[in-house]
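This report is a guided reading for someone meeting the structure for the first time. Please keep the sequence and the 3D view open while reading.

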Amino acid sequence: MLTRRRFISAAAASAAMFSRIPNVFAATYDLLVKGGRVIDPSLGIDAVRDVAITGGRIAAVDANIAADSATETIDARGKIVVPGLVDIHSHAARTKEGPPLCLLDGVTGYVDAGSFGADAIDQGAAIAKGGPNLGRLLINIARTGVAPGGELNDMSRADVSLARGAIARNRDVVVGVKARLSNNVAGTGDLEALRRAQEAAAPFDLPVMIHIGQSFSPMRAILPLLKRGDIVTHVYAPAPNGILDDNGRVLPEVLAARRRGIVFDFGNGVADHFTWDVVERAMKQGFAPDTFSTDWNTMSRTTGVVDFPNVMSKFLMFGMPLDQVVARSTVNAARVFDAFNDRGTLNVGAPADVAVLELREGSFEFLDNYKGTRTGRQRLVPVATVIGGKKAPPRA
Ligand SMILES: [Zn+2]
């Protein structure tokens, strides 16, 4: 409903503003997400708003858009409405069941981080393209992809020319290169693996994501091999060779890396990737992750990951404000990869990817990777997802 006051102010406003008025009168939105608390850090919004969608794109974010102006409505009263979640460390493309399953958790965009190397990247690309979400891949520098026993224990698998060929064949889907550097994956070859990952990425100007923790080499040797825009995942991996020194202080080299534009990502995972102790020490020093991610696979509902909103809730427990938690799961993540530059936002004109979450109050137990439990007072729960303007089926 356009009030007289709003009409006058709109009429007096810029041409761009004026051009939105026909939408209000047309009364033909495809979908309206109505009455929720919209939190979109990309727009600085945290208020009860309606989100109107037409033609697969965000048409308006406003207070009191008439319910009968839309063909279909999602009642979001009492819920949190955020841009579709972007999970930059996932393994959703491992099987074709992955993408539609994580979509139900609110994940409208994901990056499969190294499930596939040169040998099978074409198969991963087909799964990513076939799914409903915006799916992209990091190619593992090891031709085998993630492999039991450690894919880089035989360094001949880190074949730069094979990786380059695989990227060239799949430029539309491959958005970077992954190297897992822990001792049980790369042994003493961690720095060499990273050098080869950079060599593979360089001709395409793509970022490299490294998985850290329990590596042979210390962070002060690893970090100089990273360039602006590269990503460190499993940021809170415990010693040896995590981000903390022997006294529990964040290493100066880590702070320096952040200053020069290296991205530090959470990467929940299942084994060896974080302890509550490291999270607590780093958070107390103000070293929060730039992005949250799950290291998800189709089994994650039965592990400490559960779902992306559960991972977000772990940081509510450490006192991070909700809007900052949302930022790290939406706009911050979308900015890491060019392919997501129109995601992580409810800006008018953006693809209509929306996650509806419920913020439950109570007593909730959260798990680290060492069976450590902590109890939080809030849990974000996925309720509904919209992808490209279409409602995803309800979560089972
Ligand atoms: Zn992973």
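## Terms and basis

A residue is called buried when its relative accessible area is under 20%, exposed when that area is over 50%, and partly exposed in between, with a 1.4 Å probe and protein chains only. Aspartate 122, for instance, is partly exposed, because its relative accessible area is 40%.

The model is a predicted one, in which local features need pLDDT of at least 70 and side-chain atom pairs count only at pLDDT 80 or more, whereas totals for chains, interfaces and linings use all residues. Residues are numbered from 1 along each chain as its sequence is written, and side-chain values use heavy atoms, with hydrogens and water left out. Helices (H or I, at least four residues) and strands (E, at least two) are DSSP runs, numbered from the N terminus.

Threonine 233 belongs to strand E11, residues 231–233, and is buried, with a relative accessible area of 0%. Not counting residues up to four places away in sequence, threonine 233 touches residues including His89, Lys178, Met209, Asp265 and Ser293, where contact means heavy atoms within 4.5 Å.

The largest nonpolar core holds 85 residues, of which Tyr236 and Ile243 touch the most other members. Its largest share, six residues, is supplied by helix H8, residues 190–201. A core of this kind is a set of buried Ala, Val, Leu, Ile, Met, Phe, Trp, Tyr and Cys residues joined through side-chain atoms within 4.5 Å.

Isoleucine 58 is found in strand E3, residues 57–62, and is buried at a relative accessible area of 2%. Leaving aside neighbours within four places in sequence, its contacts include Val51, Ile53, Leu346, Pro351 and Val354.

In helix H5 (residues 121–130), the residues Ile121, Gly124, Ala125, Ile127 and Ala128 are buried. Seen down the axis of H5, these buried residues fall within an arc of 165°, so they line one face of the helix; the arc is that of the directions from the helix axis to the C-beta atoms. Ala126, Lys129 and Gly130 are exposed on the other side of H5, while the buried residues of H5 pack against helix H4, strands E7 and E8, H6 and E9.

Helix H11, residues 276–284, has Trp276, Val278, Val279, Ala282 and Met283 buried. Viewed down the axis of H11, its buried residues also lie within an arc of 165°, so they line one face of the helix. They pack against helix H12 and strands E13 and E14, and just after H11, glycine 286 takes a positive phi of about 80°.

## Salt bridges

Side chains of opposite charge can pair when their charged atoms come close. Counting a salt bridge as a side-chain nitrogen of Lys or Arg within 4 Å of a carboxyl oxygen of Asp or Glu, a search of the whole structure finds 20. One of them joins arginine 169 and aspartate 122 at 3.2 Å, N to O; arginine 169 lies in helix H6 and aspartate 122 in helix H5, so the pair ties together parts that are 47 residues apart in sequence. Arginine 169 is partly exposed, at 48% relative accessibility.

Aspartate 172 and lysine 129 meet in a salt bridge of 3.0 Å, N to O, linking the loop between H6 and strand E9 with helix H5 across 43 residues. Aspartate 172 is partly exposed at 45%, whereas lysine 129 is exposed at 53%.
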